[in-house]
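User: I would like a close look at one part of this model, followed by an account of how its surroundings are packed.

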Amino acid sequence: MVVLSSARGILRFSKHKEFLCSKEWLPERGVVRWHVPTSFGSLKQSVPKLSRTHFLLRIAAANLLAFLMALAGPIEKIRASPQSNQNPPENLKQLSLEQLGNVEVTTVSKDPQQVQKTPAAVFVITQEDIRRSGATSIPEALRLAPGVEVARIDADHWSVAIRGFAGQFSKSLLVLIDGRSVYTPLFDGVYWDVQSVMLEDIERMEVIRGPGGTIWGANAVNGVINIITKSAKETQGALATLGGGNVDQGTSAVRYGGSAGKDFDYRIYGTGSLHGPEHHSNANRFDDFRMGQMGFRTDWKADHKNTLTVEGDIYGALSGESFLLATYSPPAEIVAVDKANVSGGNLLARWQHTTGEGSDIQIQAYFDRTNRQDLELGETRDTFDIDFVQHMSLHGSQELTWGLGARVSPSNFIPIAPTVNFLPNKQTDTIYSGFVQYELPLVRDRLTLTAGTKLEHNNFSGFDYQPSVRLLWAPTERQSFWFAVTRAVRTPSRIDDDVQFNIFVENTPTAPVYFEILGNPKEKAEQLIGYEAGYRAQVSRRLYLDFTGFYNSYRDLQSYGPLALAESNTPPPLRLLIVVPYANGIQGHTVGGEVAPNWSITHWWQLRGSYSFLHMGLEDKPGYTDTGGLLASYMGSSPRHVLGFQSLFNLPKHFELDETVRHSSALPAQIGLPGQVVRAYSTADVRLGWHAGGGLNFSVVGQNLLQPNHNEFGGDPGPLVGIKRALYAKITWTSDGK
């Protein structure tokens, strides 16, 4: 028996003495791990039993302790500025439930809209939410959003997905930082290890669950995440943080903001982090990580109609990783351990001109450079992007938004290992697009119809269109229903079209045998038609409820085509090849829902919850056969159930006690050694914070407290990596005394 596994989206190969008959879509480094019999017979999926959980009992004990602490003295009211009721909700600190529905988001339509009046499944993670969660990275903070599947692969690699198809590179998810796409065309997704933003500078994270292709274009298939940082005006003065623990061994950040005149504001910052390895039962502690980053932002208000923002970052990192690597001489397969050398930088400028009440023009342009190199491969990529958007308010509260965009991304692939190549090594990827969206109030302040489409051309799959129709019904000011039908596509990338990747099988008397994973230049874009419905309501002054249901229909999902035999002598020696080409051979649907209640019990105690359900029903298209168990891999890498619970206490003497509990069901496609699989797990985090005064804030955070370690996702060779129980402390100082 042989096992094909994919790292970074490419298949790899190893042998097992026992045949587990299952496949894993190791969205980990990239893609798939197949358990395939050497005869290429039928596969049989091995599904583990769900593990029992007792997290509700444990968290109840923690809540009781916090409640007794609260009774020890008078409860302190939530601190607020005397003008807090007059401040816009963009401040996003200590929001009431009424303010929560009035928060404005821009990711849905590239124009500010109140959450309550948005016909999409949108969730906002505020700066205060991030601080109270104790998160130390963007993926950790994203756990707060319902429907977002976040799993830690090892210390520096993550799987982040929305509504299925989980994997290290989040291929069906578009991620933006201040409107700048961080999606890489080499491997279909996001390098989560280097997506670093100073958490104290984040204003909010807008999470759109469901297709967003009409506005954002290709690859916004299952969702969009837009991380929006604070304006320079909101970060005046100095800030310094320092923290450390047993896993997050050292984190630090320094920022200074100032102004030159009343209309020009700026900030500069620098961050550094050192992360230790997670738990490895085989003592192969490869996944330590270190990173440094610095950057700036300026905001200039030229007059009451014109604003200009310029921002930029540079970074460097060493990212520990382990992967299987085939060699030709001698014919073999080894477990390679390496530190990927990663660096890059970006520069963004955005000009906004107000043309009238409710109307404006915005032009954004950015340059992004990435460098990544390890023992297997390397790539240098430059991306130039420009985007024009005009928003017009028309007669009778009608609104028209349209825009044009262009992206040019030349890249240079650096062959390092002879068994991995992308041909041609140098290529320029392009995207040219235009969109239009029209909002028509059918009944003023009650019923609104929104329709639009995105027209786009790329160098991989050519022309495509992504229309949507959305309807919002608000019977009262405190509740709304919405419905949407949307088409979205995921375009092929270099890993789909251009890869040549060899995986060692065995040595024979004639010649060594390898699998060759071969890109398909004729591969089509994956297609989605999504149907969504949602309901939001402020049930009472203290209870807010958000519910969404969806049905997604998929066509032309990536699979593997018919196998072929070949031989090669370039480079020597002679070898026999079992050629496995990419194809579009899978179709099917997903169905599910998300619910997120928010209950403000008193002014000092708040409870939040979330639950998401996902069912995936995929099958081979007529004329295709599931050669390597990809169906089991797709369907077995996202949890069927995800449950989250958060309790926030404001205690006397400026203390805070916050608890977070989460549960995830099993991932039968995520496999380590024979018999090892990611089972259902529950875990909890606890944070104790203290505002000491004088600008000093202290916090102690315990993470993953219910067991010494647990598995969340697969992908690395060998046994599954255990995510450790962790403890860290942090001190923050601000010059403004807050």
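Leaving aside neighbours within four places in sequence, which residues is Asp498 in contact with?

Analyst: A word on the source comes before the answer. This is a predicted model, in which local features need pLDDT of at least 70 and side-chain atom pairs count only at pLDDT 80 or more, while totals for chains, interfaces and linings use all residues. Residues are numbered from 1 along each chain as its sequence is written, and side-chain values use heavy atoms, with hydrogens and water left out.

Asp498 is placed in the loop between α6 (494-497) and β28 (499-506), where helices (H or I, at least four residues) and strands (E, at least two) are DSSP runs numbered from the N terminus. Once neighbours within four places in sequence are set aside, Asp498 is in contact with Asn421, Phe422, Leu423, Gln427 and Gly519, contact meaning heavy atoms within 4.5 Å. Asp498 counts as buried because its relative accessibility is 11%; buried means under 20% relative accessible area, exposed over 50% and partly exposed in between, with a 1.4 Å probe and protein chains only.

Phe422 forms one aromatic cluster with Phe169, Phe187, Tyr191 and Phe413; here rings of Phe, Tyr and Trp (its six-membered ring) pair if their centres lie within 6.5 Å, and planes under 30 degrees apart count as stacked, over 60 as edge-to-face and the rest as tilted. Phe422 is also one of the residues with the most contacts inside the largest nonpolar core, which has 41 residues, the others being Phe165, Phe187, Val194, Ile517, Ile586 and Leu618. A nonpolar core is a set of buried Ala, Val, Leu, Ile, Met, Phe, Trp, Tyr and Cys residues joined through side-chain atoms within 4.5 Å. Apart from this core lies another, of 26 residues, among them Leu142, Val148, Trp158 and Val182.

Aromatic pairs number 19 in a search of the whole structure. In one of them, Trp604 and Trp605 are stacked, at 6.2 Å centre to centre with 15 degrees between the planes, and both Trp604 and Trp605 are buried.
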